[in-house]
Amino acid sequence: MLTKKCVLLFSGKGSNIKNLIDKQASLNGKLEYIAAFTNNPTAKGIDICSDNDIEVTISDQEELNSNLINFLSKYKPDLIILAGYMKILPDDIVNKYVDKIINIHPSLLPKYPGLNTYEKVLKNNDLYHGVTIHYVNTTLDGGPIILQGKFKIRKKLSIKELEDLTHKVEHKIYPIVVKWIADDLISVKDNIIQFNDKTIYSPITYLVDEMSI
């Protein structure tokens, strides 16, 4: 059995990184987090990686993309996980690592790509909100969707409460997708998701009860 090599890209506090690392045992040695990369020298995720013996490359902004190219060339990952990486990957990196990069976005894509999703959800009185995990392509938050976690929005929910619930759903479903990839259950071909060798034409959705998160 060949262990898949995975790298983590982040910009902030690293809660998704910590969650993934804490659940690494469920991968049964099929996937290993070998290194991490950040554009933020004060990111709390640096300490999380250091505490788990994961080497972190910290890049300055001026040489960010060239440093990232060198980082990826050094580690030659089978999977690149964006875990709160707040920079748009340049097209040359995306094209070189096509079908090897996954991202998590705090909305039910294709609704609300980009920033300020919580404000948009509450402003539009949406009945449901959630999280999308998708492969990355050269369109903003537009790659093939692997899995969505969806929950019903109760009345008078604040932005902070909505954000907290969304993070809990992130922590619930991101490890699921990573395990699917580790177990060779998920792949993408011609921008269409394959699950256990079956073509998935609409997103797999995990309906989450708020009481369970």
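This is a predicted model: local features need pLDDT of at least 70, side-chain atom pairs count only at pLDDT 80 or more; totals for chains, interfaces and linings use all residues.

1. Residues are numbered from 1 along each chain as its sequence is written, and side-chain values use heavy atoms, with hydrogens and water left out.

2. Helix α1 (residues 15–22) and helix α6 (residues 159–182) have axes that come within 10 Å and cross at roughly 50°. Helices (H or I, at least four residues) and strands (E, at least two) are DSSP runs, numbered from the N terminus. Axes are lines fitted to C-alpha atoms, for helices over the stretch in contact, and angles run from 0 to 180 degrees between N-to-C directions. The angle makes α1 oblique to α6; angles under 35 degrees count as roughly parallel, over 145 as roughly antiparallel, 65 to 115 as roughly perpendicular and the rest as oblique.

3. On the α1 side, S15, N16, N19 and L20 meet E170, H171, Y174, P175 and V178 of α6, where contact means heavy atoms within 4.5 Å.

4. Just after α6, D184 adopts a positive phi of about 60°.

5. An open sheet is formed by three strands in the order β8-β9-β10, with antiparallel pairing; two strands pair if DSSP finds at least two bridges between them. β8 (186–189) and β10 (198–200) stand at the edges with a single partner strand each, so one side of each is left without a neighbour in the sheet. From one strand to the next, the twist averages 40°.

6. Strand β9 (residues 192–195) pairs with β10 in the antiparallel sense over three bridges. F195 has K198 in β10 as its bridge partner.
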